[in-house]
Amino acid sequence: MSNIFKPRDENEIVEAVAWAVSGEKSLEVTGRGSKRALGRAAQYDSTLDVSQLSGVVLYEPEELIFSAKAGTPVAEIEKLLAANRQEFAFEPVDLGPVLGGKAGEGTLGGLVSVNFAGPRRVKAGNTRDHALGVKAVSGRAEIFKAGGRVVKNVTGYDLPKLLTGAYGTLAVMTEITLKVLPVAEDVETLLVSGLSDQRAIEALALASASAWDVSAAAHFPAPVAAKLPIRGSAAATAFRLEGIAPSIAYRRDKLEAMLKSFGALGTLKADESRALWRAARDVLPFAQNISHALWRISVTPTLGAKIGGAIAAATGASLFYDWAGGLIWAEMPGEEPHEQAVRGAVGGNGHALLVRATPAVRAHAAVFGPLGAGHLKVMRGLKESFDPKAVLNPGRMYAGM
Amino acid sequence: MSLVMPELDRGVIARRAEIVAALRGIVPGEGVIDSAVEMKPFESDALTAYKTLPLAVVLPETVEQVSKVLRYCYDNKIKVVPRGAGTSLSGGSLPLGDAVLLGMSKFNRVLEIDYDNRVAVVQPGVTNLGVTKAVEGEGFYYAPDPSSQIACSIGGNIAENSGGVHCLKYGMTMNNVLGVEIVLISGEVLRIGGKHLDADGYDLLSVIIGSEGLLGVVTEVTVRILKKPEIARAVLVGFPTSEQAGDCVAKIIGSGIIPAGMEMMDKPAIHAAEAFVHAGYPLDVEALLIVELDGPQAECDHLLEKVTAIAKSFGATTLRVSNSEAERLNFWAGRKAAFPAVGRLSPDYYCVDGTIPRGKLPLVLARMREFSEKHRLRVANVFHAGDGNLHPLILYDANESDELHRAEEFGADILKLCVEVGGVLTGEHGVGVEKRDLMPAMFNETDLAQQQRVKCAFDADGLLNPGKVFPKLHRCAELGRMHIHAGKVPFPDLPRF
């Protein structure tokens, strides 16, 4: 029978980790559990639930920085930031619906631990690019801090960024400082309809390599477009423009001139735009068949259609492209993840993460991509340096770590 | 010099001839330098207060040579100091008398430019400006622009996580590198990332970038390139007090505007720059701001109006908007020449680099004036106001017996103040040897031990660039030990299920 520890502060986390270390017990580190279905399926002796560590520590809008305890609900944070017309520019992905849960359930610690950015990734970078400082308890039961509360900082190794995307396998984060940025005053989306995947990728590359500051560039093949808030049933290739209204109008004209030879053009105004990109961000077209395996595949953008096409041909997957072709979301027609077909198609051109699969599948499939021997050795070394007894989320990313 | 470096390994120094011969077996011809005269140019980097001749200099040309040199040093327990272009201001590539200096200057080729994927693949010895030069024909550029960009190398930029005046909007090196090939001290070659955005495993780039040559030697870099904005315009604003300038900066950012660059200079810096380049700076102001906006024409025009309105509302006494590219460059001329301009006022100057929360600027400037009196040295300030990165320039004369020492004490006072007000010891120049002994002002022993353990994952014997960044060297075996005695159940008063 497993324990659930709900520490109220970092000292109680230290106690829990010390207990786990001395008793060689493994801990599942979790916030509110909204992403529990993500990662390898592993067995833990106990659960360390940090959801009690909640609350904003520091928010200075004019300094563009925000700190909160790791268990703070993301929904609460986003509300506070929005009241100041600010946001996390990397567009945090809400994995709730696609993992079979509700929207708005995640915590800051979970958000940072998985390092998932939304459509604005192409312009604003990943979660880790916005992680400035961290306080955490290592698997050595020691409280440490790293980074700071200013954007420009090269004092010591950038451990806040290393912990971002480590799925809680290195340390239990207790307090996180992130950069925040102003929300764009306005948004509009330019649509080109009816393109093939390959032709769409060409249009996405062309617009992304322009000076017109496209803040999201995605292609939705017809079956996916039909599930999105877009009129019509044809494939839709979408380009988001954000900023002040005169700038958007100016850039839309430029982009229209650039893209009109591709196909019929249309636009979405602010509200429709926000609905579309939220749906793309949270992968809502693939939130219905929860038992179907779902992949998130990051590839060289211009190879997107080729790789996506190969996966679809081999598996019957339904897919769409974000990040100008550099991100493929692929939903399999059933529970079978077709791991070999997916990894084979990606080859050395990217990374594939099995985001959703049934527990039975996750118990066997490699959720994260395979690593070379040298890379694996460094990763083991890092795990060892933070968590030598492997008490924190062992096996969540790779076996034995 | 008060700096204590790791104790020299006499055994290694005694084997110097044998080591040089072995290195020559790996890197033929003139790629190995061992004469004192020829090694002289390598004795320091841009932190010229410190100089040491290395054991030998190796300038490899291929990844295989880098790998073999490192493997040889690893097998023979010889220290290695990597060096890019040698422009570090923190002594990051200061040689050690018992270490091989591994210079990467021959890795100077642009390997691939992929406009469709908006990346360039370059060797680490390519200069920062060289990347932009290689892609500007197609209207692209590489965003990070440290002031040494003519000379500094991309490899060095990775070591230091270099920034520049435009990182407020475009990020630092960390945010603009997608992949590297890195050779570990064991000689193993790892490829991390690439043209795709997300990669497998831990984000190793996060620790490699900014690691100051302590984790490995980068042999190839994939950088993000961007299309040049349609236009850039700047506004020059003078204020009677630095408080007003600081408030103006806060208001611009608070209004949701992220300028491409936002620089501030104080009165001594303004006067020095004006006397040097005659940019037309006002001499009757205490603080001068340069705010640059870039992007589509329509956007720049609109935001410039907003910025000038804000500046007026805070009592700007000078307000000039650039109406041509020549005028914009003229605004920048004084700022870009600030270091040499200040250099004319004094035989030597010491450039400090700390970051503070923007709002603390008036307080920090006031305290700096007190420090200036205490240490009896003048100071001029240039400041990346947008991101809170200060560069006080302390004027001294190295020929006066204790002035260097006083300048260093003055610099240390400033950096400790940066930490005290919520900032950090270094914003972009790195810790190196310069700020190494100040690290405990920001981090406690546990914090530093955890950082050093990260190094253990890459370089367990501590052979790469020892004596830099960390004030105390600890053996990895010692760092690895755990000190946990308790076996008790945690907080037994809490319910568990």
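**View 1. B:Val32 and its bridge partner in chain B.** Which residue of strand 2 is the bridge partner of B:Val32? The partner is B:Val58. Strand 1 and strand 2 (residues 56-58) of chain B run antiparallel to one another and pair over two bridges; two strands pair if DSSP finds at least two bridges between them. Strands (E, at least two residues) and helices (H or I, at least four) are DSSP runs, numbered from the N terminus. This is a predicted model, where local features need pLDDT of at least 70, side-chain atom pairs count only at pLDDT 80 or more, and totals for chains, interfaces and linings use all residues. Residues are numbered from 1 along each chain as its sequence is written, and chains are lettered from A and ligands numbered from 1 in the order in which they are written.

**View 2. The open sheet of chain B.** Four strands with mixed pairing lie in the order 1-2-4-3. At the edges, strand 1 (32-33) and strand 3 (79-83) of chain B each pair on one side only. Helix 2 (residues 16-26) of chain B packs on the sheet and touches strand 1 and strand 2. Contact here asks for C-beta atoms, placed from the backbone, within 7 Å.

**View 3. The contact between chain A and chain B.** Here 83 residues of chain A meet 82 residues of chain B. On the chain A side, helix 1 (residues 10-23) gives the largest share, eight residues.

**View 4. B:Ser313 in helix 11.** Look for B:Ser313 in helix 11 (residues 297-313) of chain B. The C-alpha atoms of B:Ser313 and B:Cys248 are separated by 8.4 Å, with the two residues 65 apart along the chain.

How values were computed
Contact = placed C-beta atoms within 7 Å. Axes fitted to C-alpha atoms, helices over the stretch in contact; angles between N-to-C directions.
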